[in-house]
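Q: Hi! Could you walk me through the strand pairing in this one?
A: Happy to, let's have a look.

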Amino acid sequence: MDKLIWGFRALCYTPFFGKFGLPSYLGKPIFLKGIRYVFIGKKVRIFPHLRMETLAGGSIHINDDVVISQNVHITSAGTLEIGKSSLILANVFITNIDHDYTEIGAHVVKQKILVKETKIGDNCFIGMGAAIMAGTILGKQCIVGANSVVRGVFPDYCVIVGSPAKIVKKYNPQTKVWEKTGE
């Protein structure tokens, strides 16, 4: 029954998004801002308590068949993309924004924002509680461990864990095995 209600809610919200592909559904959000610049593909499942916002001309592109679990916060002041068939578990934060802090005596929120490209590749798995920070580029089918803090560029087919996150496994196409990196 919930998914039927969420589907109806998505239909009602559709005109306010830049694009909202159907059939997708939207759990009851807590906060949406600037959704005219949010582009959602087909068969996207968004669970309750999403906070999604665009600022300063930013945009968010969520490709087809993405699942976004509850209590996720996504914010963008540039272009932020989530690749198709990705799974984002609960309590995840994804951004392409850093706040400058270099002006002594000035409140951080009153200093300029710094925008760095952030992109999640196709078929990625983002573990519960992870933070995908500004400037992160994840290749295809990356796995991010729970509670990891991720910043940087990561190749296709790797497992990334920790704070700060690092690669601990890569998929070897010759042996068809996920191998430890020894880092």
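**Strand pairing**

A: Strand 4 (residues 38–40) and strand 7 (residues 59–62) run parallel and are joined by three bridges. Strands here are DSSP runs of E with at least two residues, numbered from the N terminus, and two strands pair if DSSP finds at least two bridges between them.

Q: Before we go on, what kind of model is this?
A: This is a predicted model, where local features need pLDDT of at least 70, side-chain atom pairs count only at pLDDT 80 or more, and totals for chains, interfaces and linings use all residues. Residues are numbered from 1 along each chain as its sequence is written, and side-chain values use heavy atoms, with hydrogens and water left out.

Q: Switching topic: do strand 22 and strand 23 pair in the parallel or antiparallel sense?
A: Antiparallel: strand 22 (residues 158–162) and strand 23 (residues 165–172) pair over five bridges. A hairpin with two residues links strand 22 to strand 23, and Gly162 sits opposite Ala165 in strand 23.

Q: What about strand 23 and strand 24?
A: Those run antiparallel too, with four bridges between strand 23 and strand 24 (residues 177–180). Tyr171 has Trp178 in strand 24 as its bridge partner.

Q: Which residue in the turn has a positive phi?
A: Lys176, at about 60 degrees; four residues lie between strand 23 and strand 24 in that hairpin.
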